[in-house]
Amino acid sequence: MKEKTVTEAIAYRRSVRVFKHDKEIDSEKVKDCIKNATLSATSSNMQLWEFYHITNSEVLEKMTKACLGQNAVKTAKQLVVVVVRKDLWRKRRVSNIEFLKQLFGNKPVEQYTKREKFAINYYQKLIPTIYFDFLGILGWLKYIIFWCLGLFKPIYRQVRQSDMRIVAHKSAGLAAQNFMISMAAINYDTCPMEGSDTILIKKILDLPIGAEINMVIGCGVRDEKGIYAPQFRIPFEEVYFEI
């Protein structure tokens, strides 16, 4: 079957609550869709995410319990768990610096152009300033300092620990949408879920303390009764503003 266009895939995608029990899906195709997820936009190119592709029946059963017995998990053929790894910011920062140095030709610092110096300094100086914190205390101190500076000029203000968590989860959400649209394009269905025991999921996946569950996505082929109601959206005129 021909792959759908982006617009067709967006229109086709629905949150499917029940998947067909007799329709398997190709794990390699799902993996390809996860690869598409990693190509999504991400704040400062930090890529503070991980994707756990669950195909094992025993783990799927455990996940059903952790997801409170939802049909979208109980009937899913596979699951994808989107995990936020804000705790890996140091590692991702180094990866970006190494990439840039290779991109610039591994030349001495004094040979960098103004634009190249700015890019390197962004990761060497600004990223640690924004991401480093201690029990949330430094975040509030930075917030006050940036707020005062903002009295005199426009400035970035989202520097608290809670702000950076939101930033990381937004990037993970963008990646999840890439994944679901990619699945819809090949006639596979998904259901993103937030209702779960995240501590239990972290235990099942053996995740460290710093990891956070963004969402669990059920995957399969929609059952005739898998979509519970027609799609409802607020009128476009109420949410669209041209300025």
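**Exercise 1: the largest pocket**

The largest pocket holds about 310 Å³ of space. Find which residues are closest to its centre.

*Solution.* Step one: a pocket is an open set of points on a 1 Å grid over the protein atoms alone, where a 1.4 Å probe fits, with protein on both sides within 12 Å along at least five of seven lines; lining residues have an atom within 4 Å of a point. The volume is the space filled by probe spheres set on the points, which are joined across faces, edges and corners.

Step two: of the 18 lining residues, K86, D87, W89, Y131 and Q161 are the closest to the centre of the largest pocket.

Step three: helix 5 (89–103) and helix 8 are the elements that give two or more residues to this lining, and helix 8 provides the largest share, four residues. Helices (H or I, at least four residues) and strands (E, at least two) are DSSP runs, numbered from the N terminus.

Before going on, please note that this is a predicted model, in which local features need pLDDT of at least 70, side-chain atom pairs count only at pLDDT 80 or more, and totals for chains, interfaces and linings use all residues. Residues are numbered from 1 along each chain as its sequence is written, and side-chain values use heavy atoms, with hydrogens and water left out.

**Exercise 2: a residue of the lining**

Work out whether Q161 is buried, partly exposed or exposed.

*Solution.* Start with its place: Q161 lies in helix 8. Buried means under 20% relative accessible area, exposed over 50%, and partly exposed in between (1.4 Å probe, protein chains only). Q161 has 36% relative accessibility, so it counts as partly exposed.

Now look at its contacts (heavy atoms within 4.5 Å). Leaving aside neighbours within four places in sequence, Q161 is in contact with K86, D133, L135, G136 and G139.

**Exercise 3: one face of a helix**

Explain why the buried residues of helix 7 line one face of the helix.

*Solution.* First, list them: G139, K142 and F146 are the buried residues of helix 7. Seen down the helix axis, they fall within an arc of 65°, so they line one face of helix 7. The arc is that of the directions from the helix axis to the C-beta atoms.

Last, see what they meet: the buried residues of helix 7 pack against helix 6 (114–131) and helix 8 (161–185).
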